[in-house]
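Dear colleague,

Please find below the sequence and structure that I am handing over to you. My notes on the findings come after them.

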Amino acid sequence: MVKSVLGVNHQGLSEWVIQRISAVLMVIYIISMMFYFVMNPNLSYAEWHYLFSRDWMKIATLLFMVSLSFHAWVGIWTVLTDYVKPYVIRAILNFFVLMMLITCLLWGMLILWSV
Amino acid sequence: MNHTRLKNLNLFTIHFPLPAIVSILHRISGVVLFFLIPFILWGLALSLTSDGFEMFQEWANLFFVKLTLLILFIPFCYHLIAGIRHLLMDIHIGTSLAVGRQLALWTFILSIFLLFLIGVWIW
């Protein structure tokens with residue numbers, strides 16, 4: 001089993017997987033949105049509002065937001081781990097990053113479900 | 001002691017290999033995008049109200065708004081293309097030195113091309 005090879009501390013395997021899966025999901029969403037914008041020049045408010053009123057769009061966008069949150073969390077955590085050496089300062093910064101991402105995710109959900 | 005070995009300490013002739021520059025810029029652009037998250041959410045929230053949508057339509061005619069938008073797309077385009085390069089390397093494409101250098105160069109070419117397309121779309 002993989003677990004017995006890598007030990008209890010899997011040393012970043014799940015972070016690695018999260019970063020890749022979230023990246024692929026976001027690329028699919030971004031390419032789809034680019035197509036939408038190219039196919040709809042002179043986009044009207046009604047069309048834009050209608051798009052986000054659909055349940056599948058809410059779910060797709062929510063998946064994007066969740067992916068972005070995990071992706072940003074792993075990314076910023078890696079950067080802080082590399083460049084901020086004092087443990088206490090790093091822990092405080094990590095805490096603020098986590099709070100910001102959670103706040104943004106909740107805010108995003110509020111925006112989506114108020115349409 | 002051997003004092004005849006070659007030394008090159010001229011910083012103007014020493015530089016990071018291209019793949020290393022691609023890598024550090026991927027990090028920097030990622031951090032910039034992280035700080036843009038709340039502003040993008042603010043934009044999304046406003047664009048989904050009729051007043052906000054109208055306001056953005058008016059702003060979209062202003063040159064400086066277009067320019068700012070294009071500048072904000074720089075880290076986006078770069079991070080997207082450099083990220084795809086990363087995924088290619090995960091499936092062992094571009095892990096040799098020669099192909100790695102080519103991929104690094106293509107990262108810059110394709111991000112600039114994508115930015116150009118977005119610029120055309122904005123204007």
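This is a predicted model: local features need pLDDT of at least 70, side-chain atom pairs count only at pLDDT 80 or more; totals for chains, interfaces and linings use all residues.

The predictor assigns the complex an ipTM of 0.88 and a pTM of 0.88. For chain B, the average pLDDT is 91, and 98% of the residues score at least 70.

Helix α4 (residues 55–83) of chain A packs with helix α5 (residues 87–113) of chain A at an angle of about 170 degrees, and their axes are 10 Å apart. Since angles over 145 degrees count as roughly antiparallel, α4(A) and α5(A) are therefore roughly antiparallel to each other. On the side of α4(A), the residues in contact include A:L62, A:M65, A:W73, A:I76 and A:W77; α5(A) contributes, among others, A:L93, A:V97, A:L101, A:G108 and A:W113. Sorted by class, this contact of α4(A) with α5(A) comprises 16 nonpolar, 4 polar and 2 charged residues.

The second topic is the contact between the chains. Chain B gives 18 residues to it and chain A gives 17 residues. On the side of chain B that touches chain A, the elements giving two or more residues are α1 (18–47), α2 (50–59) and α3 (63–90) of chain B. Of these, α1(B) supplies the largest share, 10 residues. By class, that side of chain B has 12 nonpolar, 4 polar and 2 charged residues.

With kind regards

Key: Residues are numbered from 1 along each chain as its sequence is written. Chains are lettered from A and ligands numbered from 1 in the order in which they are written. Axes are lines fitted to C-alpha atoms, for helices over the stretch in contact, and angles run from 0 to 180 degrees between N-to-C directions. Helices (H or I, at least four residues) and strands (E, at least two) are DSSP runs, numbered from the N terminus. Angles under 35 degrees count as roughly parallel, over 145 as roughly antiparallel, 65 to 115 as roughly perpendicular and the rest as oblique. Two residues are in contact if their C-beta atoms, placed from the backbone, lie within 7 Å. Ala, Val, Leu, Ile, Met, Phe, Trp, Tyr, Cys and Pro count as nonpolar, Asp, Glu, Lys and Arg as charged, and the others, Gly among them, as polar. pLDDT is the predictor's confidence in each residue, from 0 to 100.
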